[in-house]
Amino acid sequence: MSLRLIKALFRPAKPKITSEQKQASLIRAVERKEKKIITGMPIEDGYHTYNRPLGDIPVIVWKFYYAHKYFQNKMIDANMVSRLRKGASLLSVGTGPGHLERTLLAFSVPANNIDVADVKLHEHLENTTFTKYNFDAGNDWPTLRKKYDYIVFPESIQYAMDTKLSPIKGIQKMTKIIKSAYDNLNNNGEIRISLWVPKDTLDFWIKFWNMTKANVNSILPNLKWEIEPNLKTIIIRKPN
Ligand SMILES: C[S@@+](CC[C@H](N)C(=O)[O-])C[C@H]1O[C@@H](n2cnc3c(N)ncnc32)[C@H](O)[C@@H]1O
């Protein structure tokens with residue numbers, strides 16, 4: 001037996017990297033890369049504000065988030081990035097200026113694997129080669145060019161739902177949005193929803209989501225739901 005082989009046999013095994021550690025190092029890499037991508041917009045605690053109209057409302061002060069938020073709340077994880085790199089497809093609904101989507105390009109995800117949609121696409125996306133759609137996620141969706149492995153709603157579903165609606169109407173609207181996303185998913189595909197919920201309304205939103213889940217289950221019974229107790233990310237999986 002050679003000395004090298006003996007040394008190899010007695011070398012202590014490298015500790016396994018946990019998925020939490022993997023995610024933490026991905027977040028650090030995202031923070032480094034996004035600084036070069038998102039320029040000219042002052043960062044305030046991970047977001048910047050931007051005045052834009054919404055439908056007939058002349059100005060809304062939107063919060064647009066830096067990409068790392070979506071890695072921190074695990075709407076995006078290492079496995080997803082690796083699959084997107086290798087050809088999985090993503091539709092992002094309510095992209096705003098697309099900080100997340102543009103940052104994914106810096107992780108070698110081809111632009112052809114990412115399609116972006118918004119009720120009114122943001123001017124920051126004009127020079128990108130993503131396939132772009134303008135539509136209201138709360139109404140009937142147009143025919144899209146393909147079905148997707150992931151459909152994400154990065155801090156957008158609550159607007160598409162229209163918060164002025166009564167809870168019952170809100171649940172019906174959310175059910176319609178999830179059904180539309182489901183119809184555009186590949187088998188084994190995932191809908192991933194990121195939500196910012198103020199602490200004082202958390203109880204309301206937990207009830208709201210549990211009722212929505214029951215309502216969606218009445219028409220699509222075999223979806224698998226993961227609802228985090230803090231509602232930062234909701235994952236809905238379509239079976240094979
Ligand atoms: C809070 S911003 C988040 C934007 C971006 N995802 C980010 O992380 O910065 C919400 C976005 O949802 C979009 N939005 C609002 N209502 C929508 C609807 N009915 N259908 C599609 N997108 C909608 C807005 O135009 C806006 O870009």
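Guide: Helices (H or I, at least four residues) and strands (E, at least two) are DSSP runs, numbered from the N terminus. The model is predicted: local features need pLDDT of at least 70, side-chain atom pairs count only at pLDDT 80 or more, and totals for chains, interfaces and linings use all residues. Residues are numbered from 1 along each chain as its sequence is written.

Met161 counts as buried because 22 C-beta neighbours fall inside 10 Å; the cut-offs are 20 or more other C-beta atoms within 10 Å for buried, 12 or fewer for exposed, and partly exposed in between, with C-beta atoms placed from the backbone. Of the 240 residues of the protein, 30% count as buried.

Leaving aside neighbours within four places in sequence, Met161 is in contact (C-beta atoms, placed from the backbone, within 7 Å) with Gly138, Gly170, Lys173, Met174 and Ile177. Asp136 is 25 residues from Met161 along the chain, and their C-alpha atoms are separated by 9.9 Å.

Helix α6 (157-161) also supplies at least two residues of the shell around the ligand, as do β2 (57-65) and α5 (99-105). The largest share, four residues, comes from β2. The shell holds 21 residues, of which Gly94, Gly96, Ser156, Tyr159 and Ala160 come nearest to the ligand; a residue is near if its C-beta atom, placed from the backbone, lies within 6 Å.

Ile177, one of the contacts of Met161, is among the residues with the most contacts inside the largest nonpolar core, as are Leu90, Ile151, Ile157, Ile178 and Ile191. That core has 43 residues; such a core is a set of buried Ala, Val, Leu, Ile, Met, Phe, Trp, Tyr and Cys residues joined through C-beta atoms within 7 Å.

Helix α7 (residues 167-183) lies across β6 (148-154), β7 (185-194) and β9 (233-237), and runs at about 140° to β7 (axes are lines fitted to C-alpha atoms, for helices over the stretch in contact, and angles run from 0 to 180 degrees between N-to-C directions). These strands belong to an open sheet of seven, ordered β5-β4-β3-β6-β7-β9-β8, with mixed pairing (at least two DSSP bridges between two strands). From one strand to the next, the twist averages 15°.

Methods:
Contact = placed C-beta atoms within 7 Å.
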